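Here is a quick tour of one model, going from a single side chain out to the core. Have the viewer open as you read.

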Amino acid sequence: RRGRWADVGMKRITWTALLVALIGGVGYVMAVQALTPAIQRLYKNDPTVIYAPSHFADARQYVLICMQGYNVPGGPPGYPTLPTLASSRLSWMPVYPLLQCVLHKFGGVSLIFAGPVLAIGAMLCALFFAVLTLHNLGVPHPAISALAVLIPSVGAVWIYLPGPEASFLAVGMIALWLITLPAPAHPAQAAVRYALCLPLGVLYVLLKPNALMMFFALCFAFVYVSWQNSRRVGYTFGLWTFAADLLLAQVRPRMVRLQSARPICYAWTPLIIAAGTILGFAFWLAYCSVLSGVPFYFLNLQYNYWAHIYSAGNVREIIQFFAQAFQPSDPTNGWQRDAAWALAAYLVALLPATSKRVPSLIRVMIVLMVGTLVVSGVARYAVDRYLASTAIVAIGWACWLAPAAARKRYAVIGRTDVLAFTSRQQSCSVVIA
């Protein structure tokens, strides 16, 4: 009987998610139709532009990749001939142009409009899985809260409609949904889920390399969700003790067995997704190196050709850069505007992490993702869409803006914080008894 009610509830939330996706998709298309004419007027004097999406330079490169493939030019006049210092289409990842090619060749959609069509489909997918993720997190009224994804400063899919950001957001939302699902009831279900996670991680990073910024957040999710699953089978200690037990279980397994009963139930989903991102990035490094004949060509291209804000991990330069945002305004100082814009983008992303209304899992993942991005120094011109299209920010805002009525309280990590999975008991293979 309990299983029957669970099935009814799952069907209800699935149909609700579909309805929200359709409503949000209609609003998304209406917003696009309103924004397109204004953007098009920016290029009215350029005879080479037929249709101008907002992020025109990137969109053109994706179309050229679909038509001509990748290239390794020798560089424009005045540049050294070393390929690592020349602009190449290898800066753009392969999954998005591949999707455009499939849509063009098998769907009959013109490459001029393939980007917006993909973005609309990705937006529907992102809204659908946002509702399911919020339901897994126990957020009240997930259908209303999921619409926070449509906020431009959060989802970043209105401003950058035809680019890969919408697809990247959708894949990130699927990853969060898998992470917040209840523990599999049977080994066969676990095998299917884990088999999906690895290619999902590969797809995630081959859409945009920004998926690497989620690596430490995904590692934390592995520890945190494993702790929650273990509590359901009898583990009674806090998060930090559980982290120590995880380490001891790998280093000194006999030592753990001598202690009192501490059952550990692993949640491998986040870790497999993280492994997929590393595997996908390793493949891309190898492919670029073979194509260009230069070892680590992709990394050299990023660090030599594209401007970076500061050296990775240089705390002094990081402080100096962001301090420019508080100096008296100077119209000639472009770096000052970059600093203010980047700081605002980081604050928008971090706001949900300051509230206990947001589950601790999401709060800590946001902080780790933002911290990784800040330390890496890879974002200068596009830090806003780097942050917003990771899906974790959209989910954080949705939890924060959710109606407060009948809201569950989320305590500090290491105390009584529980990730609100479904109430039915889940079986789990106990590794350490």
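A polar contact here is a pair of N or O atoms within 3.5 Å; within protein, one must be able to donate a hydrogen and the other to accept it, and residues adjacent in sequence count only if both atoms are side-chain atoms. This is a predicted model, with local features needing pLDDT of at least 70 and side-chain atom pairs pLDDT 80 or more, while totals for chains, interfaces and linings use all residues. Numbering runs from 1 along each chain as its sequence is written, and side-chain values use heavy atoms, leaving out hydrogens and water.

Start with Ser 376, in helix H16 (residues 360-376); helices are DSSP runs of H or I, at least four residues, numbered from the N terminus. A polar atom of the Ser 376 side chain sits 2.9 Å from the backbone oxygen of Leu 373. Ser 376 has 13% relative accessibility, so it counts as buried (under 20% relative accessible area, 1.4 Å probe, protein chains only).

| Residue | Touches |
|---|---|
| Ser 376 | Met 213, Ala 312 |
| Leu 387 | Ala 345, Tyr 346, Ala 349, Met 369, Val 370, Leu 373, Val 393 |

Leu 387 is also among the residues touching the most other members of the largest nonpolar core, which has 113 residues. Such a core joins buried Ala, Val, Leu, Ile, Met, Phe, Trp, Tyr and Cys residues through side-chain atoms within 4.5 Å. Helix H4 (residues 111-136) supplies the largest share of this core, 12 residues.

Methods:
Buried < 20%, exposed > 50% of the residue type's maximum accessible area, 1.4 Å probe, protein only. Helix = DSSP H or I, 4+ residues; strand = E, 2+ residues; numbered from the N terminus. Contact = heavy atoms within 4.5 Å. Lists of a residue's contacts leave out its neighbours within four places in sequence.
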